[in-house]
Amino acid sequence: MVSIAVVYHSGYGHTQRQAQALADGAAARLVAIDADGNLPAAGWDELAAADGIVFGAPTYMGGPSWQFKRFADASSKAWYAQAWKDKVFGGFTSSSSPAGDKAGTLDYFFTLAMQHGGLWVGNGMMPSNSKTAQREDPNWHGLWRGAVATTAIDASSGEMSSADLEMARQYGERLAQLTARLAR
Ligand SMILES: Cc1cc2nc3c(=O)[nH]c(=O)nc-3n(C[C@H](O)[C@H](O)[C@H](O)COP(=O)(O)O)c2cc1C
């Protein structure tokens, strides 16, 4: 059984629901970054012990929230020790606009994973982009770098799209399966 850790920040609960859906799919542990950008006491040890690490943050002003960036800067200690080398990595983000410059957040996660010497996993999902496509279809965004969710700026986390949460769950499953294949 491989161990996956989902390390994420959420300001208003949307990214938290995505994190939970992904963790359900991957049978992963959640490591929440708090409002000050800090991990819980055992957080760094959990990340060091995991076979795979998944980054999550809301997209704020075209990139991850500052709390996630504070965590990322603090991960330079793990980088010096090459503690996360050869782990599997993935990422997810939530924003209010369908494009919303989410890609900036996912690209940042990818760069961070590469700096740590990791292996990036995309979602591997077919897009829903035909004339009959619906917003409740899986991967209606047509994006492959990770998992994404779009929720209207005035909608609560309880009103999130079930397709977006399902995307996170399926992505979690894929991350766990590929991590297990590498561990063989
Ligand atoms: C400071 C701030 C900046 C934001 N910037 C963006 C943005 O660049 N693109 C976008 O689509 N939504 C943006 N949003 C909306 C959030 O990404 C969206 O509400 C997201 O679902 C919040 O996730 P959370 O509840 O996990 O914090 C922004 C929200 C805040 C508070």
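Helix H5 buries Lys102, Thr105, Leu106, Tyr108, Phe109, Phe110, Leu112 and Ala113. A residue is buried if 20 or more other C-beta atoms lie within 10 Å of its own, exposed if 12 or fewer, and partly exposed in between, with C-beta atoms placed from the backbone. Helices (H or I, at least four residues) and strands (E, at least two) are DSSP runs, numbered from the N terminus. The model is predicted: local features need pLDDT of at least 70, side-chain atom pairs count only at pLDDT 80 or more, and totals for chains, interfaces and linings use all residues. Residues are numbered from 1 along each chain as its sequence is written.

The buried residues of H5 pack against strands E3, E4 (63-64), E5, E6 (119-120) and E7, and against helix H3. Two residues are in contact if their C-beta atoms, placed from the backbone, lie within 7 Å. H5 has 14 residues, and the distance from its first C-alpha to its last is 20 Å, close to the expected 20 Å at 1.5 Å a residue. The expected span of a helix is 1.5 Å times one less than its number of residues. After H5 comes Gly117, with a positive phi near 75°.

A nonpolar core is a set of buried Ala, Val, Leu, Ile, Met, Phe, Trp, Tyr and Cys residues joined through C-beta atoms within 7 Å. The largest such core has 42 residues, and those with the most contacts inside it are Ile4, Ala5, Val6, Val7, Leu22, Ile53 and Val54. Two or more residues of this core come from each of strands E1 (4-8), E3 (52-60), E5 (88-95) and E7 (147-150), and from each of helices H1 (14-26), H3 (66-74), H5 (102-115) and H6 (162-183). Residues up to four places away in sequence aside, Leu22 touches Val6, Ala28, Val54, Phe92, Ala147, Ala168, Arg169, Tyr171 and Gly172.

Leu22 is one of the buried residues of H1, which also include His14, Thr15, Gln18, Ala19, Ala21, Ala23, Gly25 and Ala26. These buried residues pack against E1, E2, E3, E5, E7 and H6. H1 has 13 residues and reaches 19 Å from its first C-alpha to its last, close to the 18 Å expected at 1.5 Å a residue. Just after H1, Ala27 takes a positive phi of about 50°, although Ala27 is not a glycine. Ala27 lies in the loop between H1 and E2 and counts as partly exposed because it has 13 C-beta neighbours inside 10 Å.

A positive phi, of about 55°, is also found at Met61, which is not a glycine. Met61 is in the loop between E3 and E4. With 9 C-beta neighbours inside 10 Å, Met61 counts as exposed.

Around the ligand there are 20 residues, of which Gly11, Tyr12, Thr15, Pro58 and Gly100 come nearest. A residue is near a molecule or strand if its C-beta atom, placed from the backbone, lies within 6 Å of it. H1, E3 and E5 each supply at least two residues of this shell, and E3 gives the largest share, three residues. Five residues of the shell are nonpolar, 14 are polar and one is charged. Here Ala, Val, Leu, Ile, Met, Phe, Trp, Tyr, Cys and Pro count as nonpolar, Asp, Glu, Lys and Arg as charged, and the others, Gly among them, as polar.

Further residues were examined one by one. Ala32 is in strand E2 and touches Tyr8 and Pro40, not counting residues up to four places away in sequence. Ala32 is partly exposed, with 18 other C-beta atoms within 10 Å. Asn38 is in the loop between strand E2 (29-32) and helix H2 (43-49) and is partly exposed, with 14 other C-beta atoms within 10 Å. Asn38 and Ala74 are 36 residues apart in sequence, and their C-alpha atoms are 9.1 Å apart in space. Trp79 belongs to helix H4 (residues 76-80). Neighbours within four places in sequence aside, Trp79 is in contact with Gln115 and His116.
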